[in-house]
Amino acid sequence: MPLSFEKTEMKELTYGNFDSQFNYQAFLCGEALDIGGGTITKEEIDIIKDYPELKRIRVTGLRQDTFEYFIENYGSQFEAICFWKDKLVSDFSILGNLENIVAITFFWNQRVEKLWDMSNNKKLRMLNLDDFTRLHSLRGVEKAPALEYLTFGNLSDSRSKFDNVPDLNETSLQKVAYNSDVPYECVEKFLNIPDLKELGFRANMYKVEFLAWISANYPHIKGNALRPYALFGDKKSGFICGKRKPWIHDINSEKDKKRVEKAVNNFEGLKKELYGMPFEEIVKLCKE
């Protein structure tokens, strides 16, 4: 059967759960499902007709023609869609027709090179872009009138790079998170978002001077990497924040206690030193 139902309580969609498979009611796939997502036919997609009550769905195996068929015929039914391993879709333009969509998440695509015009996605609040091998631009996001949360980068693929970020200072974004290669020069576009509260990225992506500069000059923006160090759930191990900085193996050991103390003192000292420095100068400093 092409439609299988997930065991879910249909919790309210939030930043923390909208990209989880456990928050979707059903999984739509073709009989030719395989590890790469397989393929799905228009006839198999039409099973949705029997379930008009569905509001959240994961779908796999779409190609360009079936992707457009799914959106044209059933897209308006859903508040949340997870495109899972629809790797051969090459054009997202039709997504601009979804006026009622609240959340969209993608996992793995090998063809798309640009996003879509989001100006008509008036209810879109959450967008997740994972493992795009050809997509290097966020253009389109700046036109989303209600977007609050954006996450993108690498979930299982390590080749993702985004070096084309548009001006985002007219968006409603409150949180941006990425696990992808984003150059220093592009980060300013995120920092200039008026309502941004949180900026997340790998703690070893940028030099500690850059992290301290952000912390000093944008104190209203929080982030796991915008501090001297961070611990994992065990509250024992973790890492010193900053490119090429060491791990914390046991914060209770004398060695790591001294390492953490040094990191804290260095971070706070850098914040005082770099406060007020223009963006161009901190980038130049970090790239020397």
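1. Overall content. The secondary structure of the protein amounts to six helices and twelve strands; helices (H or I, at least four residues) and strands (E, at least two) are DSSP runs, numbered from the N terminus. The radius of gyration, taken over C-alpha atoms, is 21 Å, close to the 19 Å given by the globule rule (2.2 Å times the number of residues to the power 0.38) for 288 residues, so the protein is as compact as a globular protein of that length. Its C-alpha trace spans about 65 × 40 × 30 Å along the principal axes.

2. Basis of the values. This is a predicted model, in which local features need pLDDT of at least 70 and side-chain atom pairs count only at pLDDT 80 or more, while totals for chains, interfaces and linings use all residues. Residues are numbered from 1 along each chain as its sequence is written, and side-chain values use heavy atoms, with hydrogens and water left out.

3. Of the 288 residues in the protein, 52% are buried, where buried means under 20% relative accessible area, exposed over 50%, and partly exposed in between (1.4 Å probe, protein chains only). Among contacts (heavy atoms within 4.5 Å) with a separation of 6 or more, 50% are between residues 24 or more positions apart. The accessible surface, from the Shrake-Rupley method with a 1.4 Å probe, is about 14100 Å², and carbon and sulfur atoms contribute 47% of this surface.

4. Parallel strands. Two strands are taken to pair if DSSP finds at least two bridges between them. Strand S5 (residues 103–109) runs parallel to S6 and is joined to S6 by six bridges. S6 (residues 126–132) pairs in turn with S7, also in the parallel sense, over five bridges, and S7 is joined by five bridges to the parallel strand S8 (residues 175–179). Individual partners can be followed across the strands: Phe106 has Leu129 of S6 as its bridge partner, and Leu129 has Phe152 of S7. Further pairs are Met126 opposite Tyr149 in S7 and Gly153 opposite Asn179 in S8.

5. Cover of S6 and S7. How many residues of S6 are buried? Seven of its seven residues are, and S6 is thus described as mostly covered. Strand S7 (residues 149–153) is likewise mostly covered, with five of its five residues buried. In a regular strand the side chains alternate between the two faces of the sheet. In S7 both faces are covered: Tyr149, Thr151 and Gly153 are buried on one side, and Leu150 and Phe152 on the other.

6. An antiparallel sheet. Three strands form an open sheet in the order S10-S11-S12, with antiparallel pairing. Its edge strands, each pairing on one side only, are S10 (229–231) and S12 (247–248). Two bridges link S11 (residues 238–240) to S12 in the antiparallel sense, and Phe239 has Trp247 of S12 as its bridge partner.

7. Helix H6. Which residues of helix H6 (residues 279–287) are buried? They are Phe279, Ile282, Val283 and Cys286. Seen down the axis of H6, these buried residues fall within an arc of 100° (from the directions from the helix axis to the C-beta atoms), so they line one face of the helix. Their cover includes helix H3 (184–191), helix H4 (208–217) and helix H5 (254–274). Glu280 and Lys284, on the other side of H6, are exposed.
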